[in-house]
Amino acid sequence: MATKKMSIKISEDMHEWIAFESEKRGLTMNAVIIFALETYQQQSTILPNIAMMKEMMEKMENE
């Protein structure tokens, strides 16, 4: 997988939280940020479809 480099500005509080989480989990700060972004991406993709999935499941149960 090709990667791209990015520079972002975050608040001091956010930086401290990322540093704390990375230390606690034994990960790099980059890994914590990537994990958070991937989780957000997955949620953004799945959540809008939950209502449709529920409707499909209910239809299947009623058949």
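Trainee: How do the residues of the lining of the largest pocket divide into nonpolar, polar and charged?
Mentor: The lining of the largest pocket has 14 nonpolar, two polar and three charged residues. Nonpolar covers Ala, Val, Leu, Ile, Met, Phe, Trp, Tyr, Cys and Pro, charged covers Asp, Glu, Lys and Arg, and the others, Gly among them, are polar. This is a predicted model, where local features need pLDDT of at least 70, side-chain atom pairs count only at pLDDT 80 or more, and totals for chains, interfaces and linings use all residues. Residues are numbered from 1 along each chain as its sequence is written, and side-chain values use heavy atoms, with hydrogens and water left out.
Trainee: Which element gives the most to that lining?
Mentor: H2 does, with eight residues. Helices here are DSSP runs of H or I, at least four residues, numbered from the N terminus.
Trainee: Switching topic, at what angle do H1 and H2 pack?
Mentor: About 105 degrees, with the axes of H1 (residues 12-25) and H2 (residues 29-46) 8 Å apart. Axes are lines fitted to C-alpha atoms over the stretch in contact, and angles run from 0 to 180 degrees between N-to-C directions. The two helices are therefore roughly perpendicular, a label for 65 to 115 degrees.
Trainee: Which residues in H1 meet H2?
Mentor: His15, Ile18, Ala19, Glu21 and Ser22 in H1 meet Met29, Val32 and Ile33 in H2, contact being heavy atoms within 4.5 Å. Five of the residues in this contact are nonpolar, two polar and one charged.
Trainee: And where is confidence lowest?
Mentor: In helix H3 (residues 50-62), at a mean pLDDT of 87, while H1 is highest at 98. pLDDT is the predictor's confidence in each residue, from 0 to 100.

Key:
Angles under 35 degrees count as roughly parallel, over 145 as roughly antiparallel, 65 to 115 as roughly perpendicular and the rest as oblique.
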